[in-house]
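Let's take a friendly walk through this model together. Have the structure open and follow along.

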Amino acid sequence: MCRVCEMLSRFAHSHPEAQLLYARALYLNGALDAAAHKAADVLRGDGGNVQAALLVVSVHVRQGRPSDAMAALEAAVSSNFGIREAPLYQVVHAQILVANGQLEEARKVLEAALLLPGVRSTPTPEQAA
């Protein structure tokens with residue numbers, strides 16, 4: 001999968017979605033520094049790219065650097081305030097809070113995330129049973 005994304009990234013180097021797809025593949029394969037670098041490349045072209053910003057934050061969280069993650073999250077919010085409406089924003093924010101030992105705050109963030117549109121739907125009768 002990563003090789004295919006790498007080829008796609010080379011041939012569509014000016015297409016941010018291809019670059020972001022490659023960055024996600026790198027992240028999932030554990031190449032965290034490379035994923036952060038690719039996501040940063042996307043952000044240089046489009047500073048308001050929510051998915052790229054959250055990928056950078058996720059890399060910092062996974063690397064055990066909550067202060068860097070919080071700084072990246074705050075920078076992402078300052079460049080695109082709408083990022084707060086993304087469910088992934090709430091998840092990485094909660095992960096940062098957990099890493100900092102703020103468990104009660106993390107719980108509140110996740111509970112608030114459940115109230116976002118499209119996150120939680122009413123269960124169908126089959127799901128309720």
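How far apart are Glu-104 and Arg-107 in helix 7, counted in helical turns? They are separated by about one helical turn, because they sit three residues apart in helix 7, which spans residues 103–114. Keep in mind that the model is a predicted one.

The side chains of Glu-104 and Arg-107 form a salt bridge, with N to O at 2.2 Å. Arg-107 also has a salt bridge with Glu-111, where the closest N and O atoms are 2.5 Å apart. Glu-111 and Arg-107 lie four residues apart in helix 7, again about one turn of the helix.

Now look at another pair. Asp-68 and Arg-65 meet through their side chains in a salt bridge of 2.9 Å, N to O. Asp-68 is partly exposed at 34% relative accessible area, and Arg-65 is partly exposed at 31%. The count for the model comes to four salt bridges.

Next, turn to helix 4 (residues 50–62) and helix 6 (residues 87–99), whose axes come within 10 Å and cross at roughly 20 degrees. Angles under 35 degrees count as roughly parallel, so helix 4 and helix 6 are roughly parallel to each other. The crossing of helix 4 past helix 6 is left-handed. On the helix 4 side, Gln-51, Leu-54, Val-57, Ser-58 and Val-61 meet Leu-88, Tyr-89, Val-92, Gln-95 and Ile-96 of helix 6. Sorted by class, this contact has seven nonpolar residues, three polar and no charged ones.

Notes
Residues numbered from 1 in each chain as written. Predicted model: local features only at pLDDT ≥ 70, side-chain atom pairs only at ≥ 80, totals over all residues. Heavy atoms only, no water. Axes fitted to C-alpha atoms, helices over the stretch in contact; angles between N-to-C directions. Helix = DSSP H or I, 4+ residues; strand = E, 2+ residues; numbered from the N terminus. Parallel < 35°, antiparallel > 145°, perpendicular 65-115°, else oblique. Left-handed = near helix turned anticlockwise from the far one by under 90°. Contact = heavy atoms within 4.5 Å. Nonpolar A, V, L, I, M, F, W, Y, C, P; charged D, E, K, R; others polar. Buried < 20%, exposed > 50% of the residue type's maximum accessible area, 1.4 Å probe, protein only.
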